[in-house]
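Reader: I am new to this structure. Please take me through the labels used for it, and tell me what stands behind each one.

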Amino acid sequence: MTYLNRIVFGGTSLLLLLLALGLIGVSLLELRDAFTTSAGASGDAILDALGYVIVALAVFDVAKYLFEEEVTSDHEKRSAAEARRSLTKFLTTIVIALFLEGLVVVFKTARADVTLLGYPTALLLASVLVMVGLGAYQSFSAGVEEKVGDDDDATEPAEDAEKEADAA
């Protein structure tokens, strides 16, 4: 079953990587078309391309996360600290992408119609909430690790026995 999981997650990671590259390709084509046809559309094309690249970055990070955690990792999370670091790294990239996308949408919307700034504002507020939630998670999990004495290098005796049985 582990082998099948690795194949599925590896294939999904590869598909997400290709889709992210496709978004970057679309942004480059859009920029080329904007600069070769009219100078007036260049600003909008740059903002659109920036939005595509930001989404591509987030999709690429999801692909990288899936690949690292589900395909190349040879074990379950051994400790709360290891799981916390992994989740934090992943969510940090997503929060950065959300903030950048929110800024792009603010600029695009402000150029078109200032009365429509509700969605970009909601996106930025959602980004702040995700960041606050991540901070709360960090605080709570660090407190639990301190109380329990979580050690990244420590393994459970049952895990050691399983590894020895798998190796045999």
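Reader: What makes the largest nonpolar core a core, and which residues are in it?

Author: The largest nonpolar core has 5 residues: L47, I54, A58, A97 and V104. A nonpolar core is a set of buried Ala, Val, Leu, Ile, Met, Phe, Trp, Tyr and Cys residues joined through side-chain atoms within 4.5 Å. Helices α2 and α3 each supply at least two residues of this core. The most comes from α2, with 3 residues. This is a predicted model: local features need pLDDT of at least 70, side-chain atom pairs count only at pLDDT 80 or more, and totals for chains, interfaces and linings use all residues. Residues are numbered from 1 along each chain as its sequence is written, and side-chain values use heavy atoms, with hydrogens and water left out.

Reader: What does I54 touch?

Author: Contact means heavy atoms within 4.5 Å. Not counting residues up to four places away in sequence, I54 touches A97, L100, E101 and V104.

Reader: Why is A49 called buried?

Author: Buried means under 20% relative accessible area, exposed over 50%, partly exposed in between (1.4 Å probe, protein chains only). A49 has 5% relative accessibility, so A49 counts as buried. A49 is found in helix α2. Leaving aside neighbours within four places in sequence, A49 is in contact with S27 and L31. A49 and E30 are 19 residues apart in sequence, yet 7.0 Å apart in space, C-alpha to C-alpha.

Reader: Why is L117 called partly exposed?

Author: L117 has 25% relative accessibility, so L117 counts as partly exposed. L117 is found in the loop between α3 and α4 (118-148). Its contacts are V106, T109 and A110, not counting residues up to four places away in sequence. L117 and F107 are 10 residues apart in sequence and 9.4 Å apart in space, C-alpha to C-alpha.

Reader: How many helices and strands does the chain have?

Author: The chain comes to 5 helices and 0 strands. Helices (H or I, at least four residues) and strands (E, at least two) are DSSP runs, numbered from the N terminus. Read along the sequence, the pattern is α-α-α-α-α. Buried residues make up 24% of the 168 residues in the chain.

Reader: What is the reach of α1?

Author: Helix α1 (residues 2-37) has 36 residues and reaches 52 Å from its first C-alpha to its last, close to the 52 Å expected. Its buried residues are G10, S13, L16, A20, S27 and A34. What covers them includes α2.

Reader: What makes a space a cavity, and how many of 30 Å³ or more are there?

Author: On a 1 Å grid over the protein atoms alone, a cavity is a set of points where a 1.4 Å probe fits but cannot get out. The structure holds 1 cavity of 30 Å³ or more. About 50 Å³ of space lies in the largest cavity. Lining residues have an atom within 4 Å of a point. They are D61, K64, Y65, E68, S86, K89, F90 and T93.

Terms used
1 Å grid on protein atoms, 1.4 Å probe; cavity = no way out; pocket = protein on both sides within 12 Å on 5 of 7 lines; lining within 4 Å. Points joined across faces, edges and corners; volume = space filled by probe spheres on them. Expected span 1.5 Å × (residues − 1).
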